[in-house]
Amino acid sequence: MWGRGLRELVPARSLGLGLGLGLGRSLGSVHGRSLGSVRGLGRSRSRSRSLVPGLTLSTTHRAVGSTVRPPDTSLFVPLTARVRPAPEGNVGAELSQSLNKNDALKILNKFYKRKEMQRLGNESGLDARLFHQAFISFRKYVMEVDSLSVDLHIILNDICCGAGHVDDLFPYFMRHAKQIFPMLDCMEDLRKISDLRLPANWYPEARAIQRKIIFHAGPTNSGKTHKAIQSFLAAKSGVYCGPLKLLAHEIYQKSNDAGVPCDLVTGEERTFVAPDGTQSTHVACTIEMSSVTTPYEIAVIDEIQMIRDPSRGWAWTRALLGLCAEEIHICGEAAAINFVTELMYDTGEEVEVEMYERLTPLTVLDSALESLDNLRPGDCIVCFSKNDIYSLSRQIEARGLECAVIYGSLPPGTKLAQAKKFNDPDDPCKIMVATDAIGMGLNLSIKRIIFNSLMKPSVNEKGEKEMDRITTSQALQISGRAGRFSTVFTEGEVTTMNRADLPVLQEILSQPVDPIEVAGLHPTADQIEMFAYQLPEATLSNLLDIFVSLSQVDGLYFVCNIDDFKFLADMIQHIPLNLRARYVFCTAPINKKQPFVCTSFLKFARQFSRNEPLTFDWLCRHVNWPLMAPQNIKDLVHLEAVHDVLDLYLWLSYRFMDMFPDVSLVRDIQTELDSAIQVGVKNITRLIRASDAAVLAAAPRPGDPPNHAGGRRKTKIHAESIATPRRLRGSKALGYKPVASGADADEAAAASLSARLVHEGHLTAELLQQLQEEWSACQAHRRDTAAQPPSKPTPKGSRKKK
């Protein structure tokens, strides 16, 4: 993950495979390498080039010598000043006289108000905020410590007696300020460490060879990646770098099926085809795991447009600049051509562009779907939330249709199983409901893509969550899954669920893709370690904040979002770990939205800090293995979380082999768990019905007394009660007939108007429960109001005169 930085933490045979996060090299200037010794860096960059019509990348303002910005001092956390006790008594008082604290306070306040002192403080790195904090600490020190340092005691006495000037306090004030803000003394060193300009120089092995760059540019389903893989298979040695485990696994299988021995390397898995465990000449890996020190004949970098991803863009930057391959084949959108050419201009390498067209036609329909009754075989409805998937899948099966379900948090095996079910011509499942997870890594036989919504939650570069309209790039990526080459459908179609969204989609798809203008960077473990040497008292999260605040990048780069890293760093800050191990733990790819996963992460770190191996038995006790088959959606979500916990164990096992020893046993139960999740997803509508029936049974009914115990009633739900729920009244009056399959569960779901709305997906069970509680509370309030006697009117003559 960090090049040479973690050699002592990983097995020897993994050293050539890159370990996951960081740029693999620390700064050349820090290690004494010349920053101007690389071919092509001395050329003038004040010109503009365009290889694709309509795409122009100006380099006039890309100069490396950017101005130094002031640090964000709000990130500087003051330390507690260390008071050294005097050896015997108050030496300062013995040499001069006792200090009058009241006079000293007046002098200190006068010092604080002097503009000259504030100006000198600013020149020494203390802005108004730091100056104020330093003064508060300095004043507290002077007023509360009985025995001040001798020199400070004497100078204060001299000023009190009129023998000195208040400005004479400044050196002693600055000495104190540097104790509580140690970064003031090493600001220049910190700036050098966090200087992220000229990242091409961080990879001397790549700069030592002249690489040939071939850009395969085109839309989805254009054959660009296929062409690059053919070169990969024909080479003597090669590496494929993909964004997903599914893609790496696909190339791994394809290569070995073609008779080319190929290893698989992901964050959680190492598969070596050689019986003795030696590395093959070819390797398929997730892009974070690519090695920047191993030489190859051919390298393939897939989905290059992700170089601007706010969280993972650094991995594509690292691969593009650092891979040691004679030929590098880049696959992705044409919007990245000019930018990649500009980056390669820094390395002195030319870019050869091969353009591709889509192999099958894609048509934007003139009409929206509008009703699920209009679904036909080969349709895929794309949603951007799990709740929408649950609702739609239930409504579809209520119409007697089977549907496959794919979303991001499903294990890879379950995704593949659902894709196989959907693609099987003999399987009755011909409808799919999925998130944008289908945009990459899965070959699906889709005729028509239907966007359920065009609004998608996202995280911007500042780490803030937003709901925004999908971009042209995202819309093309998802739409391109329809009518893929070599499937039963020779052309693809795309539309929306709602009529109002269709013109918006047509507008989105008609716009050109925004050109890529920046690439992501991320601080390495070596850089953070050097920061920690300068600021030994700072927390890891605070170190990252200060690093980003001081970092300098030129106009082609940005520092990737580090919020997830900081979230984990804050979570385990109280656990005693050395900095290198703490950094590794904080780069673990976990879903922080899952409480069980976060709790497991915390327990893993605590057990690791005790130097106690995390054995298979320990892990089984923690996850309560063996687990029961899911009875409702909550159970299924928990199984997915347990799968993530097992992934976390495997991920850490390749960084700390001695502490996570039982890899094969954990992988066995993960395979078993994957099968259980597959069964749960296959029966997802039954689980949804069981969940809704359980919520309805637990919710208060109209006329029930309100629950004064504080909130909703808790009802323990048994599998028997879910299988045969109590029949609700009024089903015949509604004229609603439940679906024949799962009649008992359907009967309960269709027994009232509210249950019917939940059953058809128009209302969630949680919202129904909230409405019922509010209705009950309202009825109780009305009863209480009606029971109170009416207030008597005030007699007209009873008012007192003023």
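Helices (H or I, at least four residues) and strands (E, at least two) in this talk are DSSP runs, numbered from the N terminus. With that settled, the protein has 30 helices and 20 strands.

The model is predicted: local features need pLDDT of at least 70, side-chain atom pairs count only at pLDDT 80 or more, and totals for chains, interfaces and linings use all residues. Residues are numbered from 1 along each chain as its sequence is written, and side-chain values use heavy atoms, with hydrogens and water left out.

Confidence comes next. pLDDT is the predictor's confidence in each residue, from 0 to 100. Its mean over the protein is 80, and 77% of the residues reach 70 or more. Residues 1-66 have pLDDT below 50, yet beyond near neighbours in sequence this stretch has 187 contacts in the model; a contact means heavy atoms within 4.5 Å. Residues 792-802 also have pLDDT below 50, and beyond near neighbours in sequence that stretch has zero contacts in the model.

Now some totals. Of the 802 residues, 51% count as buried. The classes by relative accessible area are buried under 20%, exposed over 50% and partly exposed in between, with a 1.4 Å probe and protein chains only. Among contacts between residues at least 6 apart in sequence, 75% join residues at least 24 apart.

Pro536 sits in the loop between α17 and α18 (540-550). Pro536 is exposed, at 60% relative accessible area.

Eight strands make an open sheet with mixed pairing, in the order β6-β5-β7-β4-β8-β9-β3-β10. Two strands pair if DSSP finds at least two bridges between them. At the edges stand β6 (270-271) and β10 (351-355), each with a single partner strand, so one side of each has no neighbour in the sheet.

Strand β4 (residues 238-242) runs parallel to β7 and is joined to it by five bridges, with Gly238 opposite His282. Strand β5 (residues 262-265) is also parallel to β7, through four bridges, and there Leu264 has Ala284 as its bridge partner. Elsewhere in the sheet, β3 (residues 212-217) and β10 run parallel and share five bridges; Ile213 stands opposite Val351.

Next, charges. A search of the whole structure finds 26 salt bridges, where a salt bridge is a side-chain nitrogen of Lys or Arg within 4 Å of a carboxyl oxygen of Asp or Glu.

In the pair Asp151 and Arg175, N to O is 2.9 Å. Asp151 belongs to helix α5 (residues 150-160) and Arg175 to helix α6 (residues 170-180), so the pair ties together parts that are 24 residues apart in sequence. Asp151 is partly exposed at 33%, and Arg175 is partly exposed at 38%.

In the pair Arg399 and Asp373, the closest N and O atoms are 2.7 Å apart. Arg399 is in the loop between α13 (386-398) and β13 (403-406), and Asp373 in the loop between β11 (362-364) and β12 (379-382), so this pair ties together parts 26 residues apart in sequence. Arg399 is partly exposed at 38%, whereas Asp373 is exposed at 56%.

Asp526 is in helix α17 (residues 525-534) and Arg580 in helix α20 (residues 579-586), so the parts tied together are 54 residues apart in sequence. Arg580 is buried, at 9%. The network links Arg114, Glu116 and Asp167.

Last, the rings. The whole structure has 16 aromatic pairs. Rings of Phe, Tyr and Trp (its six-membered ring) pair if their centres lie within 6.5 Å; planes under 30 degrees apart count as stacked, over 60 as edge-to-face and the rest as tilted. Phe111, Tyr112, Phe131, Phe135, Phe138, Phe170 and Phe173 are linked by ring pairs into a cluster.

A charge sits over a ring if NZ of Lys or CZ of Arg is within 6 Å of the ring centre and within 35 degrees of the ring normal. Arg270 lies over the face of Tyr654, 4.3 Å from the ring centre, and Arg655 over the face of Trp651, at 3.8 Å.
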